[in-house]
Amino acid sequence: MKLMDMLERNATDIVVTGENNGEESLVVHLYSKDVAVGLARDWLAIPDIKELIELGSSLPGGEKLRRVIELASREVREKGSRSITIPGTSISMSIHVDRYCRVELRAWRRDENEALRLIEELRKAGLHPSIYVERGYYVISIMHTKIRDSPLKEPVCQKLSKWLNEASDERRKERITKAIQNLKCLDQ
């Protein structure tokens, strides 16, 4: 897959750089999409590189350079915009809405002991977390029904309402609205 195609993918992005003993080589770095956008912005912040990219993008075959400019202009979600802090703890968990519009809170940990510590801390706070392994990580999860019947309902509903107000895509708005209904946020 080509470099710019990788930079624009939602999952992981790859930047190719490097030199090894005078010979060009490939060094692969994995970046999240917001880091790829930041990298493109950093390139365009350097006047000489910006001029080269702009000149190259105007040439035939300059599609990749036009895509760097496009990538730099994309909006990036702020860090933590998809998570809440669990009341009574210092744990931050991401909000995930699945394809059935059910809400799940998740915290990912690579270390098993850290994952078990989080489970205990959540249990002490009166919550009922579960744990499973996904892609080499321990995922601490609080499922939809556990959220609906706990003090987590209010902060999750507030976050979902915020997402609904910020959403521009109709399909995303529908999913968030359905998740709000499924969580019974309007019954508070």
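**Figure 1. Salt bridges across the predicted model.** The count comes to 8 salt bridges, each defined as a side-chain nitrogen of Lys or Arg within 4 Å of a carboxyl oxygen of Asp or Glu. The model is predicted: local features need pLDDT of at least 70, side-chain atom pairs count only at pLDDT 80 or more, and totals for chains, interfaces and linings use all residues. Residues are numbered from 1 along each chain as its sequence is written, and side-chain values use heavy atoms, with hydrogens and water left out.

**Figure 2. Close-up of the pair Glu 104 and Arg 106.** A salt bridge joins these two side chains, at 3.1 Å from N to O. Glu 104 is buried, at 9% relative accessible area. Buried means under 20%, exposed over 50%, and partly exposed in between (1.4 Å probe, protein chains only). Arg 106 is buried as well, with a value of 15%.

**Figure 3. Close-up of the pair Glu 134 and Arg 135.** The side chains meet in a salt bridge, with an N to O distance of 3.3 Å. Glu 134 is partly exposed, at 25% relative accessible area. Arg 135 counts as exposed, at 69%.

Figure 4. Glu 114 is partly exposed, with a relative accessible area of 25%. Arg 109 is also partly exposed, at 24%.

**Figure 5. Close-up of the disulfide between Cys 157 and Cys 185.** A search of the whole structure finds 1 disulfide, a term that stands for a pair of cysteine sulfur atoms within 2.5 Å. Cys 157 and Cys 185 form this bond, with their sulfur atoms 1.9 Å apart. The torsion about the S-S bond is about -80 degrees, so the disulfide is left-handed. Cys 157 lies in helix α7 (residues 153-166). Cys 185 lies in the segment after α8 (170-182). The pair therefore ties together parts that are 28 residues apart in sequence. Helices (H or I, at least four residues) are DSSP runs, numbered from the N terminus.

Figure 6. Cys 157 counts as buried, at 5% relative accessibility. Its disulfide partner, Cys 185, is buried at 10%. Cys 101 is buried too, with a relative accessible area of 9%.

Note on methods:
Helices (H or I, at least four residues) and strands (E, at least two) are DSSP runs, numbered from the N terminus.
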